[in-house]
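Welcome, and thanks for taking a look.

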Protein chains: 2
Amino acid sequence: MSYKVLDTNDINFLNKIINDDKRVLIDGDIREEYSHDELCGIQKYPEVVLKIKETREVSEVMKYANENNISVTPRGTGTGLVGAAVPIHGGILLDLSTMNKIVEIDEENLTVTVETGVLLMDLTKYVEEHDLFYPPDPGEKTATIGGNISTNAGGMRAVKYGVTRDYVRGLEVVLPNGEVVELGGKVVKNSTGYALKDLMIGSEGTLGIVTKAILKLLPLPKKTISLLVPFPNLDKAIGTVPKIIKSKNIPTAIEFMQRAVITASEEFLGKKFPDSKADAYLILSFDGNTRDEIIKNFENVAEICLEEGALDVLVSDTAERNVAIWSARGAFLEAIKASTTQMDEVDVVVPRNKIAEFVNYTHELEEKYEIRIRSFGHAGDGNLHIYILRDELDQEAWEDRMRKAMNDMYAMAKEMKGQVSGEHGIGYDKIDFMRESIGEASYQAMKAIKLALDPKNILNPGKVVK
Amino acid sequence: MSYKVLDTNDINFLNKIINDDKRVLIDGDIREEYSHDELCGIQKYPEVVLKIKETREVSEVMKYANENNISVTPRGTGTGLVGAAVPIHGGILLDLSTMNKIVEIDEENLTVTVETGVLLMDLTKYVEEHDLFYPPDPGEKTATIGGNISTNAGGMRAVKYGVTRDYVRGLEVVLPNGEVVELGGKVVKNSTGYALKDLMIGSEGTLGIVTKAILKLLPLPKKTISLLVPFPNLDKAIGTVPKIIKSKNIPTAIEFMQRAVITASEEFLGKKFPDSKADAYLILSFDGNTRDEIIKNFENVAEICLEEGALDVLVSDTAERNVAIWSARGAFLEAIKASTTQMDEVDVVVPRNKIAEFVNYTHELEEKYEIRIRSFGHAGDGNLHIYILRDELDQEAWEDRMRKAMNDMYAMAKEMKGQVSGEHGIGYDKIDFMRESIGEASYQAMKAIKLALDPKNILNPGKVVK
């Protein structure tokens, strides 16, 4: 693939589209953060950054780029982990975080309409002020909604409420040729032709650019109670999860964590975790409208935990205690990152009754390859976040051992009928692993779809498929 | 488009694949029902019917058809309404209703794995025996699960539980080239490349043939209570729905019905409806685990109904009374069909606060075009089922008036930001209406995807796009 290098004429034309020179950045005005994301090793500067304010701009830029064979990369706040928002071919970077208005809340249809750059934390706060609830809850609250949609972000509440896909009713999307389409709408059902809306969700800005979204809301549950459950070891902790699911008392979230990760988080936050007696924990949350309703739900779960060997069940029913538990959980990624020199991640998802087996396998790999591996994750939905840490390894040993450990993990996930990514996406970094895992027929189907919608391969090229 | 007409060599080859001559039907052995569906006017016999037992057969047939340019139409039990399962180019008809084993129930992951031909009513019964719940509830219980997936069938419980798409975790699909792919799995989250699984759902057997499905289950709610609420007129009945939604007490189902349709149903069933005092009704159902929990939920809704002018609120909390109400609702389609000589249908979905306006508009059209129109539907999710009735009109008047009324209705749905089909699909009959409604850019994107996955256009050609 080779793309046109932007010249003065191109920049002039883009300036005409944007018509605000503070929103067209070139050369030294392009900040370093535009050249990478939060984790993926790849770094590349775009030739121009356009800070987008409206759909018309995206449409005109795409038309121009399509005609002139210029690569375009859409970006939210750059919190991705797999390089999807890195402009690996230079070209135009669209900063969509500046297109961030909340357009409308509709209480008769229980929807909120937002522009793509609205931050998850701002959306959550806004709808809660209307006594409504946007359930998806990815850890990174400063991500944009457009980014969440583009990766089909999951989060902790997927056990009970599902993922971002389940809350997207309608999208406004700019296609690679610059056409603007509306997919879906406020409607609750839709069987009108192919599911273009669903195809766009999770396509990481390679099939179209999401500019607006109509999101489904629920009534806000009035109360949340968390349980912190210490176990003598991880096996017993995670082994309890299928029994909880089988009991048909479905919590909102079930997370697992181990002592080593908690210690890193305590050091990182400078705050003690509320319990110190155990090596492994489950944290569960339950929501509902009354304390009684929730208690009825969690009592049975607490009993199951104790039967399965839990050392205790600590109930946290005040906002402060909930914060103490969940802030530790929220700091894990940053804490692990701070504890080493470099790391890479694996975001597999496996059937939830396979999690314990998978985590044990990562412990075997720690020994096999003499490399430190830390994990935490969503025990309730089978999605693990596993970090392979470089520490003091030299470049060659790091790359060799990291790659071997990753290969083994993805092979094991495949064997367990799991998937390469539960919520972080494929981006630039995981294409080969995905191809190996889903098989050639599915990969070629994906590639055919990419070329059908973007025949010149100008929209975020080299991501998801290549 | 022209396809190869099957000759003796082709039939011999297909016989080799199936290896059971009772499952290869030609000529006089092809029953009349294979030439049409439940409603769509189009009729065409296939050249051969293959009664499928396993995925291998589908794969080998598709490979052969793809190499030899033979059109293939997949079919479940033929309960569709828009011609999607009619073999309009002859060729091979795959009867998938004979591939109908329930493969596995997994209580630790809350999934059931089924072959494509399992009937909805058999699935529902099977999982309920395990105290589990498959929420999608389309009216036609003798449809196959494969058919439900191919149209993204909705049903009455969409208000609270969503549609078929929301319960499909994984699919086994045979692509037009004969390759067998597994999409998704038992996993709860998945961000691994393009959403091929979601693209297949609702594609009406034009992008791939669903052969197996892994479906998500929920714990079975222990109790259901229905409310039958008579209103002095339809406006007041449907006008109440947005107020119920806004009150944040979300029922499982909210249906509306009018006296004329109830009368037709009474005549059809030979059974009196439980109430005779009103012209318009809402039926609501609520589910939960205890009577108290449900009552708390519906009391508020009952109050809203009375405030909005309901004549009464009749609580139905026994299985017998529930049957009396819901069997009338279940008979509407058949009852209306029995009341006329011929009919066609409109399955639009609009934002739920637009339903009353839309139904009133159909009443205007009755007068404007002097044609009888009957409707009922899902007040809670905005999906209307509207039937235009021929009665004693001659062919020319019928086609003219029906077409004009339809055009007006689809135009109004578009104006309201609705969609052409809420749950019945596009099939053969609604392509032009869809194209007009979604616009040329979306239509061309759909067409490009079809050709990307089926370059020879041999799989169910002339459906969804043409």
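This is a predicted model: local features need pLDDT of at least 70, side-chain atom pairs count only at pLDDT 80 or more; totals for chains, interfaces and linings use all residues.

Two strands count as paired if DSSP finds at least two bridges between them.

**The five-stranded sheet of chain B**
- Five strands of chain B form an open sheet in the order 5-6-10-8-9, with antiparallel pairing.
- Strand 5 (102-106) and strand 9 (180-184) of chain B each have a single partner strand, so one side of each lacks a neighbour in the sheet.
- From one strand to the next, the twist averages 10 degrees.
- Four bridges link strand 5 of chain B with strand 6 (residues 111-115) of chain B in the antiparallel sense, and Glu104(B) has Thr113(B) in strand 6 as its bridge partner.

**The four-stranded sheet of chain A**
- This open sheet has the order 1-2-4-3 and mixed pairing.
- Its edges are strand 1 (24-26) and strand 3 (72-75) of chain A, each pairing on one side only.
- Strand 1 of chain A runs antiparallel to strand 2 (residues 48-51) of chain A, joined by three bridges, and Val24(A) stands opposite Leu50(A) of strand 2.

**Helices across the chain A sheet**
- Helix 1 (residues 8-18) of chain A lies across strands 1, 2 and 4 of chain A, at about 5 degrees to strand 2.
- Helix 2 (residues 55-68) of chain A lies across strands 2, 3 and 4 of chain A, at about 170 degrees to strand 4.

**How the chains relate**
- Chain A superposes on chain B by a rotation of 180 degrees with 0.0 Å of shift along its axis (RMSD 0.0 Å), which is the relation of a two-fold axis.
- The same surface serves both copies, as 100% of the contact residues of chain A recur in chain B.

Note on methods:
Residues are numbered from 1 along each chain as its sequence is written. Chains are lettered from A and ligands numbered from 1 in the order in which they are written. Side-chain values use heavy atoms; hydrogens and water are left out. Helices (H or I, at least four residues) and strands (E, at least two) are DSSP runs, numbered from the N terminus. Axes are lines fitted to C-alpha atoms, for helices over the stretch in contact, and angles run from 0 to 180 degrees between N-to-C directions. Copies are superposed by least squares on the C-alpha atoms of residues with pLDDT of at least 70 in both. Contact means heavy atoms within 4.5 Å.
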